[in-house]
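Me: Hi! I have a structure open and would like to go through it with you, one question at a time.

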Amino acid sequence: MKKLIIALIVIIVLIFAYNQYKEYQRFHPDNFNYKSSENIDLEYYNQDVVYSYFEAVQALNGFANMQWNVNEINVKSPEDDDESTTFVVNEYRKKLAKVKYYEAKLEASKQLKEEGLTNDLIKLKLEGNSTKPDSSAIFKSKIKSMYAANPKVRLGEKSAFIYEVQKLLVKKGFDLELDGVYHTITRNAIIEFETKHNLFPDGNLDVMTLDALLD
């Protein structure tokens, strides 16, 4: 008899726990919220798109949670196919499509920046401009990106950026060994180049010197 009572108590506790879990699930559904992508360009050339993306994600999650809490409709995995459920699910899909539209733009932009393109070139590419960015523009963009990553070049330093600078100096008529090392001879070539182009002749690679080399 005692064992029977204990078994009944356990069953009652389990039923109560299950009901509590269902109630919790009603207001805290698992995996309901759409998580914004971590692979998006937050410095996209059009910040309105970034704002619209996060606004669309918030609207999507708000809609999904409201339908679950108020109407007990799981927009991701609906249990019914009645007219009202179908309508709600279609609305959710429309909102999701809007999120995916903005997300695709921002993810594509981040990928292009990893390839060395700037916001201006990305704008041309993503907006379908008939004028295709030429290879020289892309090259200049990549060199500037390399400079931005390490603007302070020190004597004796070796890098791919210095190698590219040496190539630019050779194209300008300087006799240099292409080894990627910032030797005194490379520094002196930059000083001479700066002097010829009416720039401050300090041998430092700054924005103005780099622009003149890329011209």
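Predicted model: local features only at pLDDT ≥ 70, side-chain atom pairs only at ≥ 80, totals over all residues.

Me: How many helices and how many strands does the protein have?
Reply: Reading from the N terminus, the elements run α-α-α-α-α-α-α-α. The count is therefore eight helices and zero strands.

Me: Which residue forms a salt bridge with D41?
Reply: D41 sits in the loop between α1 and α2 (47-71), and its partner is 72 residues apart from it, in helix α3 (residues 83-114). The closest N and O atoms are 2.9 Å apart, within the 4 Å cut-off, and the partner is K113.

Me: What separates E91 and K94 along helix α3?
Reply: The side chains of E91 and K94 meet in a salt bridge, at 3.4 Å from N to O. E91 is partly exposed at 22% relative accessibility, and K94 is exposed at 56%. Because they are three residues apart in the helix, the separation is about one helical turn.

Me: Is E103 buried or exposed?
Reply: E103 forms a salt bridge with K100, the closest N and O atoms being 3.6 Å apart, and both lie in helix α3. K100 has a relative accessible area of 40% and is partly exposed. For E103 the value is 6%, so E103 is buried.

Me: On to the rings. Which kind of pair do Y44 and Y45 form?
Reply: The structure holds three aromatic pairs, this being one of them. The ring centres of Y44 and Y45 are 4.4 Å apart and the planes are at 40°. An angle under 30 degrees would count as stacked and one over 60 as edge-to-face, so this pair is tilted.

Me: And which kind of pair do Y53 and F54 form?
Reply: Y53 is buried, with a relative accessible area of 0%, while F54 is partly exposed at 37%. Their rings lie 5.2 Å apart, centre to centre, with 65° between the planes. Because that angle is over 60 degrees, the pair is edge-to-face.

Me: Which residue lies over the face of F63?
Reply: A charge sits over a ring if, among other things, NZ of Lys is within 6 Å of the ring centre. Here the distance from the ring centre is 5.5 Å, and the residue over the face of F63 is K95.

Me: How far apart in space are G180 and Y163?
Reply: G180 is found in the loop between α6 (160-171) and α7 (184-196), and with a relative accessible area of 2% it is buried. The residues G180 touches include I162, Y163 and Q166. In sequence G180 and Y163 are 17 residues apart, yet C-alpha to C-alpha the distance is 3.8 Å.

Me: Last one: what area does the nonpolar surface patch with I11 have?
Reply: I11 is found in helix α1 (residues 2-27). At 45% relative accessibility I11 counts as partly exposed, which is over the 30% that patch residues need. Together L8, I11, I12 and I15 make a patch of about 380 Å².

Technical notes. Residues numbered from 1 in each chain as written. Heavy atoms only, no water. Patch = residues over 30% accessible without salt bridge, like charges linked within 9 Å, V, L, I, M, F, W, Y side chains within 5 Å. Areas by Shrake-Rupley, 256 points an atom, 1.4 Å probe, with all protein chains shown as cover. Helix = DSSP H or I, 4+ residues; strand = E, 2+ residues; numbered from the N terminus. Buried < 20%, exposed > 50% of the residue type's maximum accessible area, 1.4 Å probe, protein only. Phe/Tyr/Trp six-rings, centres within 6.5 Å; stacked < 30°, edge-to-face > 60°. Lys NZ or Arg CZ within 6 Å of the ring centre and 35° of its normal. Contact = heavy atoms within 4.5 Å. Lists of a residue's contacts leave out its neighbours within four places in sequence.
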